[in-house]
Amino acid sequence: MARLIGTAGHVDHGKTSLIKALTGIDADRLPEEKARGMTIDLGFAYVELPGIGRASIVDVPGHERFLTNMIVGALGVDVALLCVKAADSVMPQTREHLQILLLLPVERLIVALTFADLADDETLQIAKDEVQELLDATRFAGAPVVPVSAPTGDGVAELKDALAQALRETSAAEEGPWYLPIDRAFVLKGQGIVVTGPLMRGAVRAGDEVSVQPGDLRARVRSIQHHGEPTEIAEAGRRTALVLSGIKPERVRRGMIAGEPGTVFETLRFDARVEWVAARKHGSRVRVSLGAEEVIGRAFLNAQDRDLVQLRLESPVGCATFQPLILRDYSPPHVIAGGRVTVPLAAPRRFRDAPQASVDSSNRADSVLALLSADARGRSVAEVAQQAGLSHSAAAEALQRLASEGQAINLSGAWIASHQLTAAGEAIVVALQRMHAAAPSQSSHPRDRVLKAAGLDWKGASLDRSLALLSQAGKVEVLGANLRLPGYRVQVNPHQRQLLDRVEGALSASVASPPSPSEIALAERLPLQAVEAAIKLGLEAGEIVRIDKDMYLTQEALRKIQDSIVAAFGDRSFAAAEFRDLLGTSRKFAIPWLEYLDRIRFTLRVGDKRVVRVRNSEE
Ligand SMILES: Nc1nc2c(ncn2[C@@H]2O[C@H](COP(=O)(O)OP(=O)(O)OP(=O)(O)O)[C@@H](O)[C@H]2O)c(=O)[nH]1
Ligand SMILES: [Mg+2]
């Protein structure tokens with residue numbers, strides 16, 4: 001769950017006043033801001049929210065002249081608080097700020113209809129309608145609209161609830177190496193230099209080593225604070241202050257980035273994946289906002305993939321993989337695109353280059369991909385790090401990047417190159433084709449034998465997951481511990497069919513206490529061997545299942561019983577006796593039944609009761 005809220009909205013629409021009403025903190029800290037009654041740079045506050053604890057708030061300026069600072073604030077935000085003055089309704093920076101929020105990984109938006117004390121019901125309703133209309137075509141459609149008044153405090157409690165709810169709905173913070181775009185840097189006498197910013201990913205601990213880019217300055221985290229409170233560990237999704245030691249204070253400034261060594265880069269050329277709001281020509285001069293820095297560069301496009309852009313900069317910038325960014329025209333500085341960095345140190349790319357060719361040695365992803373491509377064996381991050389000669393975090397970073405490019409897949413902790421998984425799927429298909437041809441009356445084959453025939457030594461959770469992926473892709477059908485080609489059915493001749501129908505008829509006639517093969521033989525006046533052969537065929541064809549010794553059932557009856565179990569006990573645990581009563585059977589049959597259901601993982605035994613397992617679509 002994220003905890004970083006950021007304001008947005010037109011100038012004088014009451015953002016800073018609302019923060020004051022919410023938190024008691026005046027986020028306009030500069031003398032010039034106080035003198036002019038206008039926000040110029042970012043302001044910071046925090047609020048205690050019900051069920052959440054302390055959340056950070058970043059206040060941004062609304063005046064269009066300070067849009068650069070608004071972007072700096074927006075680049076770290078999880079939940080946006082769009083302030084719209086009721087009497088003015090939607091104004092130019094309402095639209096412009098909303099556009100920026102939409103281009104960034106902002107998850108939720110809440111609208112505060114400010115100055116509600118000065119608006120009558122009709123004015124409020126009109127503003128609300130206009131805002132909702134503005135949001136309707138966006139992913140923020142249906143966002144809560146809360147009328148508030150800063151001077152009276154009306155609506156502030158409702159706004160807090162809405163903010164808490166929105167934060168609860170955000171996803172967990174991104175995992176991976178931490179980074180923090182520095183938006184303030186100042187010397188704290190006797191301590192060292194303090195850098196602050198939103199912690200964007202992972203976690204950082206006191207004592208950790210730090211790289212500051214550009215310049216790869218090394219430092220150590222002496223201590224950490226959230227809103228003035230010391231903490232040993234900071235987790236992504238909040239404003240964080242790091243006190244750094246072992247670094248010359250005068251070399252650190254706003255606009256730099258701090259992060260785990262090896263995972264933040266100084267770059268003059270990087271690749272990004274963006275969404276355009278206005279198309280631009282190949283080589284256009286642009287302003288690139290990354291963290292608290294804005295640099296000038298040119299945007300180079302790709303002939304086949306218009307969302308892939310290479311940025312070549314006029315001055316170096318520090319950045320991390322997946323870091324969000326905004327692009328604006330050089331002049332006038334209109335917002336044209338937003339997205340994320342994909343390759344921080346990119347090889348030069350031409351207009352007609354294939355869009356996937358984004359692996360780059362300086363990022364170590366190519367050596368990792370080469371390693372994974374050697375075979376279809378999955379590797380843990382630790383193994384990749386060891387075998388590629390990388391730090392754990394650099395290996396994790398490279399793998400993440402390969403995953404984002406669709407080149408590697410994480411199979412429950414085991415990493416494999418995507419093309420290896422595809423090739424493994426083909427090998428399994430070939431092996432199964434051969435096995436089905438050799439044994440046409442066997443409906444499926446044990447997966448261990450299939451994998452061996454395909455030359456794969458997959459194991460454990462990653463095996464389950466790779467098979468699940470292959471089955472999703474329609475390559476194989478997974479039946480418990482067996483595999484078969486999708487749709488493969490054993491061959492049954494007319495004589496066998498007739499026999500099978502009689503046996504299945506006998507089984508279906510008495511589901512609660514199924515007859516044994518010899519009882520069927522007696523009742524149907526058939527030789528025991530014929531009944532047994534038919535049952536074997538039925539098992540192979542998947543029409544009959546074996547519950548226990550001499551206890552068989554048709555697949556159809558099994559499904560019906562499973563349905564009635566879900567209907568009766570789907571939401572609670574149940575005892576053997578309850579199951580016996582549901583089935584109308586005796587203990588002799590009920591116990592093997594339940595054990596069978598446990599075995600096929602339909603139920604889970606908890607003490608002497610059972611619960612129906614939640615069905616996972618991958619199973
Ligand atoms: N009556 C009334 N006045 C308000 C309200 N909110 C803000 N004001 C006044 O409106 C003026 C502008 O408010 P700010 O909070 O500075 O507006 P802002 O959106 O932060 O402005 P910028 O940061 O410069 O974009 C101030 O004089 C506030 O006292 C409100 O809800 N009701
Ligand atoms: Mg303000």
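Predicted model: local features only at pLDDT ≥ 70, side-chain atom pairs only at ≥ 80, totals over all residues.
I will start with the ligand. Around ligand 1 there are 16 residues, and those that come nearest are Lys 15, Thr 16, Ser 17, Thr 39 and Asp 117. If you sort the shell by type, you get six nonpolar, seven polar and three charged residues.

Which atoms does the ligand meet? The side chain of Lys 15 has an N or O atom 2.8 Å from an oxygen atom of ligand 1. Thr 39 also uses its side chain, with a polar atom 2.7 Å from a ligand oxygen. Ala 150 takes part through its backbone instead, where a polar atom is 3.0 Å from an oxygen atom of ligand 1. As for cover, ligand 1 on its own has 650 Å² of accessible area, and the protein covers 77% of that.

Next, the core. In soluble globular proteins, nonpolar side chains tend to be buried together. Here the largest nonpolar core has 40 residues. Which of them touch the most other members? They are Met 70, Ile 100, Leu 101, Leu 109, Leu 135 and Ile 326. Several elements supply at least two residues each to this core: strands S1 (4–8), S4 (79–85) and S5 (108–114), together with helices H3 (67–74), H4 (92–103) and H5 (121–136).

Take Leu 101 as an example from that list. Leaving out residues up to four places away in sequence, Leu 101 touches Ala 8, Met 70, Ala 74, Ala 80, Val 106, Leu 109, Arg 139 and Phe 140.

Now the backbone. The bond from Gln 213 to Pro 214 is a cis peptide bond, with omega near -5°. Pro 214 sits in the loop that runs between strand S11 (209–213) and strand S12 (217–226). Another cis bond joins Ser 331 and Pro 332, and there omega is about -15°. Pro 332 is likewise in a loop, between strand S21 (324–329) and strand S22 (335–343).

For Phe 115, phi is near 60°. Is Phe 115 buried or partly exposed? Its relative accessibility is 27%, so Phe 115 counts as partly exposed. For Arg 601, phi is near 65°. Arg 601 lies in the loop between helix H18 (587–599) and strand S31 (603–606). Arg 601 is partly exposed as well, because its relative accessible area is 41%.

Arg 605 is in strand S31, and with a relative accessibility of 48% it counts as partly exposed. The side chain of Arg 605 reaches the backbone oxygen of Gly 607 at 3.0 Å. Beyond residues up to four places away in sequence, Arg 605 touches Asp 598 and Arg 610. How far is Arg 605 from Thr 7? The two are 598 residues apart in sequence, and their C-alpha atoms are 51 Å apart in space.

Arg 54 is in strand S3 (residues 53–59). Is Arg 54 buried or exposed? The cut-off for buried is under 20% relative accessible area. Arg 54 has 19% relative accessibility, so this arginine counts as buried. The side chain of Arg 54 makes a polar contact of 3.4 Å with the side chain of Glu 229. Apart from neighbours within four places in sequence, the contacts of Arg 54 are Arg 3, Tyr 46, Val 47, Glu 48, His 227, Glu 229 and Arg 238.

Last, Val 72, which is in helix H3. Val 72 is buried, because its relative accessible area is 11%. Not counting residues up to four places away in sequence, Val 72 touches Leu 42, Asp 183, Arg 254, Gly 291 and Ala 292. Phe 300 is 228 residues from Val 72 along the chain, and 23 Å separate their C-alpha atoms.

Methods:
Residues numbered from 1 in each chain as written. Chains lettered and ligands numbered in written order. Heavy atoms only, no water. Near = heavy atom within 4 Å. Polar contact = N/O pair within 3.5 Å; in protein donor to acceptor, adjacent residues only side chain to side chain. Areas by Shrake-Rupley, 256 points an atom, 1.4 Å probe, with all protein chains shown as cover. Nonpolar A, V, L, I, M, F, W, Y, C, P; charged D, E, K, R; others polar. Core = buried A, V, L, I, M, F, W, Y, C linked by side-chain atoms within 4.5 Å. Buried < 20%, exposed > 50% of the residue type's maximum accessible area, 1.4 Å probe, protein only. Helix = DSSP H or I, 4+ residues; strand = E, 2+ residues; numbered from the N terminus. Contact = heavy atoms within 4.5 Å.
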